[in-house]
Amino acid sequence: MACFLVFLLVLQVHAAPPELVQAGLTPGVHPGLAANVSEDATPAPPPGTSKRTPHSIIIGVRKGGTRALLEMLDIHPEVAVAATEVHFFDWDDNYAKGLEWYRQLMPYSYPHQITVEKTPGYFTSALAPERICAMNSSIKLLLILRDPTQRVISDYTQVYFNRLENHKPVQAIENLLVHSGALNIRYKAIQRSLYDVHMHNWLHHFPLEQIHIVDGDALIRDPLPELQKVERFLNLPPRIVSSNFYFNQTKGFYCIRSDGRERCLHESKGRPHPSVNGTVLQQLRSFLREHNRTFFRLVKRTFDWQ
């Protein structure tokens, strides 16, 4: 009932007047994003297609492999993926623009296809579960996770290189992980790896059966088995096969082969991680271990995390 009430509120506040809808205009939608606002500015959509709210959302986790999962799912002919991270349910300013603004950011799809959006920030957002439930309480959610300790280091690595590229000062990872001699559990990268804390929030709004957890570490080692599980979860016919992947020796991970094209993830993916002081690393692992055990109980399965 709570989901339904929130959904009605969003519709009442942001529904477009009929005369604007007929004119192809929607309040809160940037003209460049509105469908068919101008035939000169926007190419006509493929016949028989429409923009629809997602049937499935990859909700996270940041640095867990969300981009790889989305790109690999895009191989499937019955999947249409959103091109960018929308941040509709976790950013208040975007959520205030309304559901029609969100829908207009989705790809055109045919009736037999499902639309998939991914925004890693949803998993750690306090508000995203309730807001997504308000849109569609029966939606299927995909959550890709990796060893939480390695995820922290990967999170640091991304920020480190982003700061270097923007000519901003950087710190050694140990300076962020430790504060006054103790583990700095307020460090955002650590907070994002407390999978049990965030999962509690999602399970308050969705049954576990609607959340499929992809093993991000397994996806890196051997993509096909994990993607076959996703196909079954989404009730998709099996279309992704082993020949859709090849191991790139230079990059050190699997790349994609489909429709006569070969493509790898952006060069920002798979960057080498810094070495971490052994004592600090052990502190981090020890802290996360109990959170991992709680998470395993919540989701009724275990993962091979150190």
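Which residues in helix 7 and helix 13 meet? I began my notes with this question, working from a predicted model.

**Entry 1: helix 7 and helix 13**

I looked up the two helices and found that helix 7 covers residues 148-165. On its side, Pro-148, Thr-149, Gln-150, Val-152 and Ile-153 take part, and they meet Leu-281, Leu-284, Arg-285, Leu-288 and Asn-292 in helix 13. I then turned to the geometry of this pair. The axes of helix 7 and helix 13 come within 9 Å and cross at roughly 125 degrees. I therefore recorded helix 7 as oblique to helix 13.

**Entry 2: helix 10 and helix 13**

I next examined helix 10, residues 195-203, against helix 13, residues 278-299. I noted that these two pack with their axes 8 Å apart, at an angle of about 25 degrees. Helix 10 is therefore roughly parallel to helix 13, the limit for that term being an angle under 35 degrees. The crossing of helix 10 past helix 13 is left-handed. From helix 10, I listed Tyr-195, Asp-196, Val-197, Met-199, His-200 and Leu-203 as making the contact. The residues of helix 13 in this contact are His-291, Thr-294, Phe-295, Leu-298 and Val-299.

**Entry 3: Gln-210**

Is Gln-210 buried or exposed? I found its relative accessibility to be 16%, and it counts as buried because the term applies under 20%. I located Gln-210 in the loop that runs between helix 10 and strand 9, the latter being residues 211-215. Its side chain reaches the backbone oxygen of Ser-137 at 3.0 Å. Setting aside neighbours within four places in sequence, I recorded contacts of Gln-210 with Ser-137, Ser-138, Ile-139, Lys-140, Leu-141 and Phe-233.

In what order do the three strands of the open sheet stand? I read the order as 10-11-12, with antiparallel pairing. Strand 10 (245-248) and strand 12 (261-263) are at the edges; each has a single partner strand, so one side of each has no neighbour in the sheet. I also noted that neighbouring strands here are turned by 30 degrees against each other on average, direction ignored. Strand 11, residues 253-258, pairs with strand 12 over three bridges, in the antiparallel sense.

Conventions. Residues are numbered from 1 along each chain as its sequence is written. This is a predicted model: local features need pLDDT of at least 70, side-chain atom pairs count only at pLDDT 80 or more; totals for chains, interfaces and linings use all residues. Side-chain values use heavy atoms; hydrogens and water are left out. Helices (H or I, at least four residues) and strands (E, at least two) are DSSP runs, numbered from the N terminus. Buried means under 20% relative accessible area, exposed over 50%, partly exposed in between (1.4 Å probe, protein chains only). A polar contact is a pair of N or O atoms within 3.5 Å; within protein, one must be able to donate a hydrogen and the other to accept it, and residues adjacent in sequence count only if both atoms are side-chain atoms. Contact means heavy atoms within 4.5 Å. Two strands pair if DSSP finds at least two bridges between them. Axes are lines fitted to C-alpha atoms, for helices over the stretch in contact, and angles run from 0 to 180 degrees between N-to-C directions. Angles under 35 degrees count as roughly parallel, over 145 as roughly antiparallel, 65 to 115 as roughly perpendicular and the rest as oblique. A crossing is left-handed if the near helix is turned anticlockwise from the far one by less than a right angle, and right-handed if clockwise.
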